[in-house]
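Look at the structure first, then read the points below.

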Amino acid sequence: MEAIRIISWNVNGLRAVLKKGFLEWMQTEQPEILCLQETKAEPEQLPREALDLPGYHVYFASAEKKGYSGVALYTKLNPLEVSTGLGIPDFDREGRVIRAEYEEFILYNIYYPNGKSSAERLQFKLNFYDAFLSIAKKTVSAGKHLIICGDFNTAHQEIDLARPKENEGSSGFLPQERAWIDKFVASGFSDTFRMFESGPGHYSWWDYKTRARERNIGWRIDYFFVDQGLRNRVKSAFILSDIEGSDHCPVGIEIVGKK
């Protein structure tokens, strides 16, 4: 059976990336499923060509605050059901989650909160993490398979950022943030990229201001996780670090269906 190619990309503004060749890239790449984060736009703010891509069903979850957060799903495969949010109003008003149920798995496209701005936002991020983990564990316990992708806003281990020592006190690499990913993994979810690549130097985000991308001084904060039942069906995992247009680059997996 042919593999399903799924890509996740924090575009840091869909309207901005549309001006940088996004539609042309989509035309060439043609993933079966594309998950976007930080769209910063509602559908009515977008040009028609961004909503009517031939062969794709398109779904959005937007924040109440204009120009903030937001996720989108472009899918060639017709979902059985699509919903937004976690069912928790404080989180859901920020437009961070799209859940798509397919015949063989449930896909979560998530833009996890950033904890850098204040202690309150860090706690908000940790609360979001815990709420999602509870949902993920219940979903798998109910016999469903899970694919979870998006911008987690945390580098898990020292190997996942270029300068771990300098960032030990920074949100995105704090012990409590990293400990949650430890807990996530211990709950049975696998970081697909690390199934195939154990070495350093692989990142998905670079700071614009310091032109860090030119020197590959980056962080790997965009992930695909799968439950144990899907692990053996992941054919490949990759980072498309040559694709520009955002301070993040796309990441993805190829997963085979049941024989």
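A search of the whole structure finds 24 aromatic pairs. Rings of Phe, Tyr and Trp (its six-membered ring) pair if their centres lie within 6.5 Å; planes under 30 degrees apart count as stacked, over 60 as edge-to-face and the rest as tilted. This is a predicted model: local features need pLDDT of at least 70, side-chain atom pairs count only at pLDDT 80 or more, and totals for chains, interfaces and linings use all residues. Residues are numbered from 1 along each chain as its sequence is written, and side-chain values use heavy atoms, with hydrogens and water left out.

**Phe184 and Phe225**
- The ring centres of Phe184 and Phe225 are 4.8 Å apart and the planes are at 65°, so this pair is edge-to-face.
- Phe184 is in helix α6 (residues 175-186) and Phe225 in strand β12 (residues 222-227), 41 residues apart.
- Helices (H or I, at least four residues) and strands (E, at least two) are DSSP runs, numbered from the N terminus.
- Both Phe184 and Phe225 are buried (under 20% relative accessible area; exposed is over 50%, partly exposed in between; 1.4 Å probe, protein chains only).

**Trp205 and Trp219**
- The rings of Trp205 and Trp219 have centres 6.3 Å apart and planes at 80°, so they are edge-to-face.
- Trp205 lies in strand β10 (residues 205-206) and Trp219 in strand β11 (residues 218-219), so the pair ties together parts 14 residues apart in sequence.
- Trp205 is buried, at 16% relative accessible area.
- Trp219 is buried too, at 10% relative accessibility.

**Charges over rings**
- The charged end of Lys116 sits over the ring of Trp219, 5.4 Å from its centre.
- Arg121 lies over the face of Phe124, 4.2 Å from the ring centre.
- A charge sits over a ring if NZ of Lys or CZ of Arg is within 6 Å of the ring centre and within 35 degrees of the ring normal.
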